Each structure stands twice: as structure tokens, then as C-alpha cells.
Amino acid sequence: MSRNTLIALPLALAFVASASADSYPPPEEILQELIDKTGSAYLSQSDQNLMMMPDNPAYFVAEDGEDLFHEARGPKNVSLEGCDFGKGPGVVEGAYVEMPRYFEDTGKVMDLETRLVHCMKTLQGFADDDPAVKKRHGSGSDMMKLQTYIASKSNGRPWNPPMDHPMEKALRDAGEVMFYRRAGSLDFSCNTCHGATGKRIRASVLPNINEPEEWTKAVSWPAYRAGHQQVRSSQHRLRGCYWQMRQGLVVPGSDASIAMISYWTDAARGQPAILPDLKR
């Protein structure tokens, strides 16, 4: 084998690896394909949203998150490259669309946020009251930067939360019960707003959980919310829904929050994730 061939081979292998990682279309193309396929009023309600997606501010948040992920931090001065999100230590490609999932080392079903908190505390040595762990919301928070980076590595991949462990099925089923349970002063359930096509809040068309092509956009968090001018997470969206229904707030990271996220992720099974998304 010639010297030139030996030099070219690693470059070719690197290109193949890069092409594989970037083989999924960008979020705006995924959304356009879903619009073309379904003609959904929910998916197509904002031309401006679609036009802004290539310049989504969440990309900058994801870049910051990548730096944080590989940086040695915390009292133990280690990176998060030793954190297992379900596909092995440090592997983030395709990990997010397969969460929530059961982890043997904790004996719990965890979503991305709770898994990150676990790794930041056990691997890096952060305490509950350290800002890196305590501050969960806003584009400037470490938590949001890390979540956006990790989730972006699942863009275009089909939602596929595992249902192999009994705990995964139990949490998913509990989430289904919660989704349809009416409560609070308004006697609302999640299904009140998301159980049929054509529902609205003010001028906004709402997604129907029974239409997977719509529901994949509904559950594609983290997303930059133009109205908030911040990147928001699944846990933040869940808290907002319960506030809007005037029900008791769900504690972030609780089994109840994981159950609901398990159910809504399972409802989008097989559809491509749009990450990071941009929402109104």
C-alpha cells in the first residue's frame, strides 16, 4: 500500500463517519416533509416559523453545550464523557430518541434531564445547590445547553423509547392514565386540548396526540420558543401545561414527570425527531 494511500485512508474513514452522523436532513426539511405528507393545520400554521428554523438560536446553545460536555468540570474535575445515556459512556448520537429508559445503575426510568443531573452529581461531584445543577431553565443555563447539544444528536432519527423493562412499561402506562385524567378547577385533562384535530388555544392550532406526524413536533424539545426568547425543555413544557390546566404542578424529575414524558414520547414512536426545534 502506497504512502499516499495510507494518508488518504484515515481521511476517507473520517469522511464516512461524518457523513453517517450528518445523514439526516435539517429540522426545517423534516418539518416540510411532514407538512407535504399531511397538510396538517398544526404543522403549517406559521410560515415565519419554518423560515426562521435554519437560523434557530438554539444552535448556538447546542454549541455551548458541546463545549460543556467535553470540559472537565465540577469538584472531581471530569467531563461528562463517562456518562451513559443508554448507548454506552459518552455516546450521544441517537441516545435522546431512546429516552426515557431504564438504567441499571440507578434502578430507575430516567429522561435526559434526570440522567444529566445524576451524572453531574455522581461523576463530576456537583451538589444539588450548585448552579450547574440547580438552574434548569433558560438558554444560559448549563442544563439547557447540555440538553440541547445531546438532543441535537438525535435530529431526524425516529422516536424509539424502549419498552423492554417492566418499569419502562409501567411508567408509560402511568403516563397514559395521567394524560386522560381530568382534574383541577377547570376539570381539564391533557386530552382536552390534544385529543382531537382542530383544537385551539386563542389563535394557536394544537397538536393531536392521535396524529403521530403532528405529535412528533409537539414532543420535539428542546426548542427555541420565539415568544420566550429562550430554549425550553420537555420538563419546562410539562410544567407549563399543568399550570395552564390549573392543576397541581409536576415536580421536575419526579416519577410523575417521567411517566408523562414516557407516554408522549411513545405516542410519537417511529416519527422523525425535529431537534432542536423552533416553536412560536
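User: Which helices and strands each supply at least two residues of the lining of the largest pocket?

Analyst: In this predicted model, the largest pocket has a volume of about 1,200 Å³, and 44 residues line it, those closest to its centre being Ile201, Leu206, Arg225, Arg237 and Gln244. The elements that each supply at least two residues of this lining are α3 (47-52), α9 (190-194), β4 (204-205), α10 (212-218), α11, α12 and β7 (277-279).

User: Which element gives the largest share of the lining of the largest pocket?

Analyst: By class, the lining of the largest pocket has 26 nonpolar, 10 polar and 8 charged residues. The largest share of that lining amounts to 9 residues, and the element it comes from is α11.

User: What volume does the largest cavity have, and which element gives the largest share of its lining?

Analyst: The count comes to 1 cavity of 30 Å³ or more, and the volume of the largest cavity is about 130 Å³. Of the 17 residues that line this cavity, Tyr96, Asp111, Leu112, Ser234 and Ile261 are the closest to its centre, while the elements giving two or more residues to the lining are α5, α11 (234-244) and α12 (255-267). The lining divides into 10 nonpolar, 5 polar and 2 charged residues.

User: At what angle do the axes of α5 and α7 cross, and what is the handedness of the crossing?

Analyst: The axes of helix α5 (residues 112-122) and helix α7 (residues 142-152) come within 11 Å and cross at roughly 115°. The handedness of this crossing of α5 and α7 is right-handed.

User: Which residues make the contact between α5 and α7?

Analyst: The residues of the contact of α5 with α7 divide into 8 nonpolar, 1 polar and 1 charged. On the α5 side the contact is made by Leu112, Glu113, Leu116, Val117 and Met120, and on the α7 side by Met143, Leu146, Gln147, Ile150 and Ala151.

User: Why is α7 largely enclosed by the rest of the structure, and what covers its buried residues?

Analyst: Helix α7 is largely enclosed because 10 of its 11 residues are buried, with a cut-off of under 20% relative accessible area. The buried residues of α7 are Asp142, Met143, Met144, Lys145, Leu146, Gln147, Thr148, Tyr149, Ile150 and Ala151. What covers these buried residues includes α4 (58-70), α5, α6 (131-134) and β6 (230-232).

Methods: Residues are numbered from 1 along each chain as its sequence is written. This is a predicted model: local features need pLDDT of at least 70, side-chain atom pairs count only at pLDDT 80 or more; totals for chains, interfaces and linings use all residues. Side-chain values use heavy atoms; hydrogens and water are left out. Axes are lines fitted to C-alpha atoms, for helices over the stretch in contact, and angles run from 0 to 180 degrees between N-to-C directions. Helices (H or I, at least four residues) and strands (E, at least two) are DSSP runs, numbered from the N terminus. A crossing is left-handed if the near helix is turned anticlockwise from the far one by less than a right angle, and right-handed if clockwise. Contact means heavy atoms within 4.5 Å. Ala, Val, Leu, Ile, Met, Phe, Trp, Tyr, Cys and Pro count as nonpolar, Asp, Glu, Lys and Arg as charged, and the others, Gly among them, as polar. Buried means under 20% relative accessible area, exposed over 50%, partly exposed in between (1.4 Å probe, protein chains only). On a 1 Å grid over the protein atoms alone, a cavity is a set of points where a 1.4 Å probe fits but cannot get out, and a pocket is an open set with protein on both sides within 12 Å along at least five of seven lines; lining residues have an atom within 4 Å of a point. Grid points are joined across faces, edges and corners, and a volume is the space filled by probe spheres set on the points.
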